[in-house]
Structures are given as C-alpha cells and as structure tokens.
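Subject: Structure handover

Hello,

Here is the structure you will be taking over. Please open it alongside this email, and then read on for what was found.

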Amino acid sequence: MLSGWRDVTARRPWRISAKLLIISSVVTVIGFSAICVNVMLDMRRGEEALARQTLENLATTIESDISRNIEIYDLSLKAVASNMLLPELATVSKPVRHLILFDHATTARHFGAIQVFDADGKLTIDASTLDPPQANRSEEDYFKIHRDNPGAGLFISRPMLFRGAYSIVLSRRISDTDGGFLGVVAGSIRFSYFHELFERLNLDPDDTITVLKRDRTIMMRRPFDLDVIGKNLGTQQSWKPDNLKAGGSYAGQGPVDATPRLYVRSTGPGPMFVVAGKPLNAVFELWQKEAYRIGAVVLALILFMLASTLVLAREIGRRAEAERKLEEMATTDALTGLKNRRKFDQVIDAEWRRAMRQKTLVALLMIDADHFKAYNDTFGHQAGDQVLVGIAICISDSVSRAGDCAARYGGEEFAVLLPGASAADAFKVAETIRGKVQGWSDDQTSSTVSCGIASFVPAVGMDWAILVAAADKALYAAKAGGRNQSVVASLPKLSLVA
C-alpha cells in the first residue's frame, strides 16, 4: 500500500499555478522593459557623445582659424612697433617710411589698415594713405590700456565701430629703449571675416557659434545680434564659469537665450575661445524617433504578453478548478461528503510517518453504525443512506481541527484520524460523536454507533496497519459489550478496557 501511494505521488505532474504564471510574466515584462530602457539610454548617450565630438571639432577648427589670423596680424603690429624705433625713419620720405613700416604687414580684405598713434593719441601714420586724416584716439580703451600698462602686450578691444565698420581692434604699445611710452600701433579685423568664416560651415539654423575673449566678453556670435555682441557674461549672476570649462560641455539653457542646447568649449590657448552650441531637440531628434519606434514595438509586445498571460492564467485557473473538483470527487465519498477510503489511506500514511519522525501521538477512531443491516432491510436503502448521512454530519460537527481526517471507511463503518491526540482526548471525541448520533435519531428510527479507539506513538519499523488493527479490535469489543459505547484499546498488549 505504501509503495503504491509513493508511485502515485512520483507520477503526479508538476503544475504551474495561475498566480505564479502572472508573477513570472510581470517579472519578465519588468526585466525586458529595463533592458530596453537601458539600451535606449545607451543610444541616447551615444547620440550625445557624437554631437559633443562634432561640436568640439567645430569649435576647435574655428578657434584655430581665428588664432592663426590674430597671430599673423599681431606679427605685423610687432614689426611696425619695432620699426618705429629706427633712427633713420625720421629722415626718409613718406613713401619710403611706408615701405619700411608696412612692407611685411599682412594685408587681407577683412583686415583694416594699421595705424600709428603718438603718445598724445594723435594719428600720425596710416598704412592706407600717405596723408592720414586728423584723428585722436586718446580716449579709447585700447590707448589707455597701453599708456597705463607697459606689459599689456597684444590687446584685443571690445567690438566697436572702427573706421566705419564693426570690428575688433588689435593694438600694441610702442615703447622706447628705456620703456617709455611713445604711442600705440593698432589694426582691426572686421566682422565680415567672421561672417565669411561662419558661412563656410554647414550649420543648422538654430546652431550657435560664439567667439569670446578670455574675460568672457562676446566678440562675435552666430546668429548675429548686435544686442549680444560686446556683452560680458561675467556680469550675469545666473551663469557661472564652472558651467563650461575649457574643453568641457554643458547641456541646458545657456546665458544668451532660453533654448536648451548642448554647448562645447574649445581647448586652445589663444586670446579668444569658441563655444559651439546645438539645440538638444536636434541632438536627440533621431534618437527620439528610434525610441518611439522601439517603445511602440515593446509596448505592443508587452500588451500581447500580458493579454496572453491573462488568458493562460484564466485557462489554468479553470483547469485547476476542474482538477480540484475531480480530485475532490476522487477523494470524497459521494453519499456522506466525508473523505473516502483512498484519501484516508493517503492521509494516515503521511501522518503516521510524521508522528514517527517527531515521536508524537496519533489516534484513530473506528466507528460503526449499530444494527445497520437490519435497519436497512426494514426501512429500505434510502432510509439507510439518510442514517449514514446523519452519522457523517455528527462526525463532521465533532471533528474541528485542521489536521483531523474523517472518512467513510466502508459500508456503515467510519474512521476518524486525530494526529497528536491522546487516548483520553480521542475518547472524548468518540463520546461526543456517539452522543450526537444518539440525540439526532428519533425513537422510531433510533440509530446508535459503537466506537473503537487506539492511540500511541509509532516506533521505527511499525506500520500504520497496527493502529487500524488496534482500533478495529476495540470496535469489536464495543459491539461485543452491548454496542452504543466507546472502547479504548490498551497498547502494547492491546488489552481492551471499556
């Protein structure tokens, strides 16, 4: 019997529950979504890195071009400042003086003519003409800087109108051999140079190129705006230099307008640096389209998976309910509603082995209806069935613990398994059942039951059939003693006491 039950247990298939299926599907959806989100974030970081590299190359290229032109023009200013100290310069004619001073000067259509101002700020020499007009620049910032600061070196002015065109003025101090101030040599780079430089670049309409001095003064900006040109960002409290360090990048709202952009600053050591900016919506435009496409596909798959899971869970629930009902039908006595003999054998086998491991008591009641065969013959099978149902109800009402098992053992015989119950406890339950049965039946159809009780701790090597045999012997003793009574089997001698 034991080996047969184990074979049945071993052959039982593992079944997944609807709740486990839903939980696993939700976990799968969460995991899959997390992977997709991580992939899309990596794609976003890749788009940002590509845009940052492109802007960095752009800013570096522009800065290199500007620095090279400033350096070339500065060489011309140095040459003029140096040649102004030649003693023979005062004795030669104006054309010869021009050749001496400006022979090696850089000329280009965006470069203004070099001019020389004396210590009072008066224009004395102009590379564009032999007879310069009268002019005085003593009040200009570039003149004051060189007059008051001998070590100023190359000075780049704020954007200004110079000789009728918007320009930036480059100037150097002219000093005598003792360091005394002799005047200023100045030239200019017109804004047309920057416009032409920016037009050569393949830029989107909302892309920005900003050229700044080291003191953070905006020298030029694309798109061009005179209200912005010459503005010093150091005066803005909301914008800090640490937001965009040399060679760094910044994503967000900039100091000039409210459009969120990705800004990258050049790394060169020149007198000016360049900041290239691109709107964030343009940086992530392709990524957003791809993200929406992937997101839509993933969402559709998730909805399909969840819908399939719900359908499968419902079907599993229906199947489980059907199997539960089949199992209930297979393990329940159809007439009385108690467990049948097959289920009782399974339960007593499991409880017997548990009591053997834990060395605890296990009790068994064997209950038999008195004079049932005669009653059945007298009143018919339907009346007999009603008696069995009534006895089953009395047993169910008297057995309330979760681990107890009441079963129809066969015919008019019933069994009640009471794990952990002593003989005295089992006797009380038996008397309760007997009393309920006796009180339930009326005088005309008086029904009583006899109860046999056995309770002990299983020893290693013992089979639960011993417990059944002991309870059976006690039941026989109850019937032999006059019926309608409970008898406890005394173990291990199995001597019977009423």
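Predicted model: local features only at pLDDT ≥ 70, side-chain atom pairs only at ≥ 80, totals over all residues.

Helix α2 gives the largest share of the nonpolar patch, with three residues. Five residues form this surface patch: I22, V26, I30, L306 and L310. Together they have about 410 Å² of accessible area. Two helices, α2 (18–83) and α7 (285–331), each supply at least two of the patch residues. Take I22 as an example. I22 lies in α2.

**The largest pocket**

Next, the largest pocket. Its volume is about 320 Å³. The lining has 18 residues, and the closest to the pocket centre are A51, T54, L55, D207 and K278. Helix α2 turns up again here. It gives the most to the lining, with six residues. Several elements each supply at least two lining residues: α2, β7 (208–213), β11 (272–279), α6 (280–283) and α7. What is the make-up of the lining, in nonpolar, polar and charged residues? Ten are nonpolar, four are polar and four are charged.

**Salt bridges**

The structure holds 28 salt bridges.

Start with K278 and D207, two of the residues closest to the centre of the largest pocket. K278 forms a salt bridge with D207, and the closest N and O atoms are 3.2 Å apart. This pair links distant parts of the chain. K278 is in strand β11, while D207 is in the loop between α5 (191–199) and β7. They are 71 residues apart. Are the two partners buried or exposed? K278 is buried, and D207 is buried as well.

There is also a network. Salt bridges that share partners join D65, R68, E196 and R200 into one network. Within it, R200 forms a salt bridge with E196, with the closest N and O atoms 3.7 Å apart. R200 has 53% relative accessibility, so R200 counts as exposed, because the cut-off for exposed is over 50%. E196 has a relative accessible area of 25% and is partly exposed.

The side chains of R52 and E48 meet in a salt bridge, at 3.1 Å from N to O. Both residues lie in helix α2. They are four residues apart, which is about one turn of the helix. R52 is partly exposed, with a relative accessible area of 27%.

**Backbone points to look at**

Most residues other than glycine have a negative phi, and most peptide bonds are trans.

First, the peptide bond. Which two residues are joined by a cis peptide bond? They are R222 and P223, with omega about 10°. P223 is in the loop between β8 (218–222) and β9 (249–253).

Next, R216. Its phi is positive, at about 70°, although R216 is not a glycine. R216 is found in the loop between β7 and β8. Its relative accessibility is 17%, so R216 counts as buried, because buried means under 20%.

Then R483. Its phi is also positive, near 65°, and R483 is a residue other than glycine. R483 is found in the loop between α12 (465–480) and β16 (486–490). Is R483 buried or partly exposed? At 31% relative accessibility, R483 counts as partly exposed.

**One more residue**

Last, L418. It is found in strand β14, residues 413–419. L418 counts as buried, at 2% relative accessibility. R401 is 17 residues away along the chain, and the C-alpha atoms of L418 and R401 are separated by 8.5 Å.

**Where to begin**

After that, turn to the buried pair K278 and D207, and then to the cis peptide bond between R222 and P223.

Best wishes

Note on methods: Residues numbered from 1 in each chain as written. Heavy atoms only, no water. Patch = residues over 30% accessible without salt bridge, like charges linked within 9 Å, V, L, I, M, F, W, Y side chains within 5 Å. Areas by Shrake-Rupley, 256 points an atom, 1.4 Å probe, with all protein chains shown as cover. Salt bridge = Lys/Arg side-chain N within 4 Å of Asp/Glu carboxyl O. 1 Å grid on protein atoms, 1.4 Å probe; cavity = no way out; pocket = protein on both sides within 12 Å on 5 of 7 lines; lining within 4 Å. Points joined across faces, edges and corners; volume = space filled by probe spheres on them. Nonpolar A, V, L, I, M, F, W, Y, C, P; charged D, E, K, R; others polar. Buried < 20%, exposed > 50% of the residue type's maximum accessible area, 1.4 Å probe, protein only.
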